Structures are given as structure tokens and as C-alpha cells.
Amino acid sequence: MIRKRLWIGLALSAVLLIHLDATAQKQLTVEDIYENPALRGRSISGLQWMANSRQFTYYQRDPETGKHIIWIYDVRNRKRDVFIDSEKVHVLAGERREKRFTLGNYFWSPDQRHILLPSGNDLYLYDSKTGEVKRLTKDEARERDPQFSPDGKKLAYLKNGNLTVLDIASGSERQLTTDASETILIGRFDWVYEEEFGIRTGFFWSPDGKRIAFWKLDQSRVPEFPIVDYIPTHNKVETMRYPKAGDPNSIVQIGVVEVESGATTWMDLGDNDDIYIPRIKWTKSPQTLAILRLNRDQNHLEFLLADVTTGRTRVLFEERMSNGWIDITDDWRFLKDGRRFIWSSRRDGWKHLYMGDLQTGDLRPITRGEWDAVSIAGVDEKRKTIYYISTEVSPLERHLFGVKFDGKKRWRISRKPGWHRVSVAPNFQYYIDYSSDVMRPTMVTLRKINGARIDIIEANELPALKEYAIRPPEFLQVPAADGTPLNAFMIKPPDFDPNKKYPVLIYNYSGPGSQIVRNMWGGSRFLWHQLLAQRGYIIFGLDNRGTGARGNAFMMATYKNLGDLESQDQIAGAKWLAQQPYVDASRIGIWGWSYGGYMAALTFLKAGGLFKVGISVAPVTDWRNYDTIYTERYMLTPEKNPEGYKRSSCLRYVDQLQGRLLIVHGTADDNVHLSNTLQLAYALQNARKPFDLMLYPRKLHGIGGRDTRIHLFNMMTQYILEHL
């Protein structure tokens, strides 16, 4: 019933909002989207609560002066003040004005008196009471990923690749490891771990500050891949370690080093070195480290407890997925009693929270239902309450909920329709809410834990939007070929006339667990779609089977067979559009980027002329070209699933090309390599099929840079206007 009411509410909201822009005649341009600051909006970053929960700090650039500022906000009097500004720090530190402090990446000390400020390759310490700035390091080597010890007296960081500790009072520095090299990574990760496990920090202090646990990766057996810079007269080649599906991965070890002695104990991870260690975390005991061990196929996870004094480990419990994969998240928390922990799992078909026992490994459900407990926002042990983000209201939205440890009482906190992410205060009396919807950019507010608003931290209003003819998206459902309802959105031209026929451009991403049909602000991509709608195109998007927030059965339907069901569902959406009286069935196009670029190309090739135009940006064209962790999670290895890899390849369908296909790629893309596009181009040429190609030299996967983005989206706009 909640979800049905939401669909009705969203539809009514869309109708009511249309009149707001009915008189707006101005049309967007690509230059407006990427150069007009009035359309970009503002937000805050680096928010950190003080331990007393009465204040918090955050970073935001002053739009009037251009200063980089850390602000401090007092919850009691609802007032913000400048805490540190970039100019003041330069003067205090005695540094030249051009030496830039990275204020947006600041670190509070545990006692919250000092702030660590990185600048260039060095570290500075700002005293919030005296206003003094102390330089901690002064050499050419960079201190990477600095972390305070629990007592705040030491800093650990990576220097020249090795784990190093600095005594803040004396300034003495000591290297704890010695074997870092180009192939041996200490306390950091290879490309594929960072990209696919979403992990950046590779070492952690123990609760008592006497030890540091760290990853060690040996990537010597990982194949090298060349990235070519074609601009110099003599091309330059950089190589990166990049394991493609079926290739050897880095060998991983977990070490625990004693800070005082420098002695390292290695944790027992078993005899099989073809595994992943995607997460480690200290329990409340400084003698026990929790380690997640994941098999190569990523369908069997073991929760290990390690004795850091001996390295011995034991399996506390296991997670298995018989026809799918196990997602790695940060949604686990150890409780202060030293016996219990909060865990998240998809073992019942949806992502839910469980109470775990560190002695027995037993897991008791806390949340249940056909919805996901997306992420943990906070655990209030005093009141035995977990705060979490949920899809219970609708898969199109994210809301803050609370639940008691025993699961018997659950309540919704955020009320405003849309998409919410939060930062809960340490005393669990307040939270910061970052919220948006399809027609409202992200607003930042301070709220009581019951959801009542206290203050607006950043309104982020974009009054300039009212000058343009912008029409709200409509949310709807369309049937797959087998009748499965698929969530979709549609943006109609501002002067839409149901008696006319319009061309349609379908936007997709389609990848496992993703979503594009969401009640949230879509930024520059949304504005570009509005630009096209203003020029007479309907914009349509559909979340096919394989996408997220609808349970395991829906999301994992594509397991071992990427591209098949997704393209079937996108084709079903196009056929549904072709039946609508206001759609010109001869003028339907599809576009996407990355996985969406793959799906745009694959669907376009397989659709038998259903699409007139396809635009594929930075596509994977054959999954044998992509990395081990992502690809094998959904497809296994090419050796275990040869037919799945064949079916999923765009190269297999080049003979079926009909219509105009534009392929776009950055030549320096270190994620989805240029070879994907070149292999597809080669196959199309051998099949005597014409296509269009645009390459962006020196550009990565995001094809970034203001001038480049303006060129790219103007080029795609013109391509659509000419051919669709």
C-alpha cells in the first residue's frame, strides 16, 4: 500500500509541477549546463561531528571570496562561523600563498583539539585552541593516507610505499615495513581491489594503539596493460597491472605489526592463495581481528576471527550464494559488550540486518520484508537502536528508518519524498540530511532524530532553473516480455501534445545492482535530457532485470549471462514505446555510458532495426576484456562459463547492425580500455558495416574536463538532431 500511494503521489507531484515552468521559454544549451555556475548548485563536504554532538565542522568554498574554508556550526544557537580559512592557514604556517592546503581533506585528532592538514607532500597540524600551525614533515616523499593513533600521539602513514609511524611530540619517524616495491604493495591496493571492492585505506590501528593491521599485495603475477599517450610526437606508454577475466590476481596477505618492536605477525588465510580479502576490521578486543575471506567465484564468504599474537584464525560463520554472488559492504559493526555485532546479509533474498554472536556465529534477523536495508547509518547501543537507510517506502527512494535490536519495533524517520543520505550525531539526537528529488537539487538540513527540521545548512536553491522550460519526469511501469513489471521514467517535451508523434531517446545503465529510475536529482545528465526534451524528444529510461532494490531474484536473474535479459527488457521497453500513440516508432534511439554503453551497443545490434540511432560511450564490448573482480562476480571465469562470455559479446552480433551507431571512447581509459572499442570497430569493418567513432585523446573513463564535456555533449546533441 505504501508503494502504491507513492506512485500516485509522484504522478500528482509531476502534474502539479508542470505549471511552474509552463511560462518558461528559455532553452538549455550544453554551455549553460557546464559553464553556468547558477545551474551547478552547492553542497558541503567533509562533515565531521564533534564528540559532544553540539557542533560539527564541514568544508565549503566561499562563493564570494573564493576562499577554501572549514566551517564550524553550533547546534544550540544554530550559527555557523569560519573555523579555518585557506589564507589564514598560509600565514600561520609561514608558507607562500601559492602553497595550497587541502582543507577539503582534513582530519580531526581523537581529542578533537588538532586538525591534520595535508599540503603538497607534507603534513601540518593546526591547534584549534591556540590557532598555531605546526609543520610535521618536510621532505620530498609523500605521506599517504595519514591516520591518528587512538590516543592522538602518533600518526601512521605510507611513505615511500612502506608503513611508517611518526611521534608527533618529538617528530621522530620510524619505518615499520621494508619490502614495498613496484610489485609489493603495503597498506594499499592494486587497481582492481580499489575499483571493485570500493576500498582505499589499507591499514588500521588496533583499539589500544599498540598494533597496526595491514594488507600486503604481491601483484607480480598480474599481467601488465599498456596505456598510450598518442599526443607527443614520440608516443609515451605507461603500463598498469590489470587482471582481466581469468587472469591471475594479486596474492594477498594480512599482517599485524607491533608499533613498539616492529615485529610483524602474519594471519593464517589458508593454503589457497587464489582468494580475496575485501575487508578487515578490529573487534573491540585489541587481540582479535575480523577478516572477510572471499573465494575467487565470490559466492562463498567466510568470516574469520584472527588471534593477532599468533596469527591463528577460525571461521565464525559463512555466507553462500548458490545462484548469484555476495556483495561486499561496510555494513557491519562490533558492539561494546565484546560479544555481539551487527551484520548485513542477502541470505533471505533481500538485504537485511542481523544480530551476530561472536562466540557461536549465530545470526538472528533484525529486519525482515521485501525491501532492502541499504546501509547502516548509526548504532545507538544505549537505546538499543539501529538507524539505517531503507527502500521500504519504494525502490525509487531511500529513507532513514530506526529499528530496535530485537526487531520488534521499526519506524520511519525521514518524511520528505525523495532520496536521503544522512550523517547521525554521536549522541543520536540529531542528524544531517542530504535530500533531493527529481526536480530539487540536494538540500542539506540539520534535523532532530525524529525527523523534525532544525535548520537549513545549505538550501542549494537554483532559481536559474525557473528560467528554463523544464518538465518533471513521470514514473511508470512497463511490462517485460514475460510480464515482469519494470520501473521506468519518461520526460516529455515542455509543449507535449498527445495528438502528435515524438521521437524517443532511451537512456540506460542496466548493470547489476544499479538504478537510473530514482526520485533523486540527476545533475548535469538530467539537464542534458531536458535540453533534448526542449528540442522535441521524449526521454525514456528503464531499470531492467539485473538492476537493484527489488530483491535477489530480480537482481541476480542475469547471473552468468550478462547482457541477455537486460537487452531483452530494453527491447521490450522500446516495443512498448512504439505502441504508444504519441511515439514515432520509426525514430527510437538508445544511449548509455560504461555498462550503459555496453548495453546501448549490444541492444542496438540485437534489436533488428528497432532502433534508428545508438550512442555507446566507453563500452565494454567483450567481457574477456574487463577486470577479474567485477566480471567474474557476475560471469565466473571464461573457463567456467565459455558460452556465457560468447553470448554476452557485442562482437558476436555485428552482422545484425542496422541504423546509425556512434561509439565514443577516451584513449587513456584505464578502466574500460580503448581496446574494447577498437575490437568492435575492427569487427564492424570486417562485416562491412558503417559506424561513427569519436575518440578523446588523453581522457579517462569519465571523459572529463569542461571543454571536453562541452565538445562531447554538443557532438552527441548534434548527432541526435541529425539522425534521430
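**Figure 1. An open sheet of 4 strands in the predicted model, in the order 28-29-30-31**. The pairing within this sheet is antiparallel. Strand 28 (373-380) and strand 31 (410-412) form the edges, each pairing on one side only. On average, neighbouring strands of the sheet are turned by 25° against each other, direction ignored.

**Figure 2. Pairing of strand 28 with strand 29 (residues 385-390)**. The two strands run antiparallel and are joined by 6 bridges. S375 has I389, in strand 29, as its bridge partner.

**Figure 3. The hairpin that joins strand 16 to strand 17**. Strand 16 comprises residues 224-229 and strand 17 comprises residues 236-241; the strands run antiparallel, with 6 bridges between them. For E224, the bridge partner in strand 17 is R241.

**Figure 4. Packing of helix 7 (residues 564-578) against helix 8 (residues 595-606)**. The axes of the two helices lie 9 Å apart and form an angle of about 65°. Angles of 65 to 115 degrees count as roughly perpendicular, and helix 7 and helix 8 are therefore described as roughly perpendicular to each other. Helix 7 passes helix 8 in a right-handed crossing.

**Figure 5. Residues at the contact of helix 7 with helix 8**. Helix 7 contributes D564, E566, S567, Q570 and I571, which meet Y595, M599, T603 and K606 of helix 8. Classified by residue type, this contact has 3 nonpolar, 3 polar and 3 charged residues.

Notes:
Residues are numbered from 1 along each chain as its sequence is written. This is a predicted model: local features need pLDDT of at least 70, side-chain atom pairs count only at pLDDT 80 or more; totals for chains, interfaces and linings use all residues. Side-chain values use heavy atoms; hydrogens and water are left out. Two strands pair if DSSP finds at least two bridges between them. Axes are lines fitted to C-alpha atoms, for helices over the stretch in contact, and angles run from 0 to 180 degrees between N-to-C directions. Angles under 35 degrees count as roughly parallel, over 145 as roughly antiparallel, 65 to 115 as roughly perpendicular and the rest as oblique. A crossing is left-handed if the near helix is turned anticlockwise from the far one by less than a right angle, and right-handed if clockwise. Contact means heavy atoms within 4.5 Å. Ala, Val, Leu, Ile, Met, Phe, Trp, Tyr, Cys and Pro count as nonpolar, Asp, Glu, Lys and Arg as charged, and the others, Gly among them, as polar.
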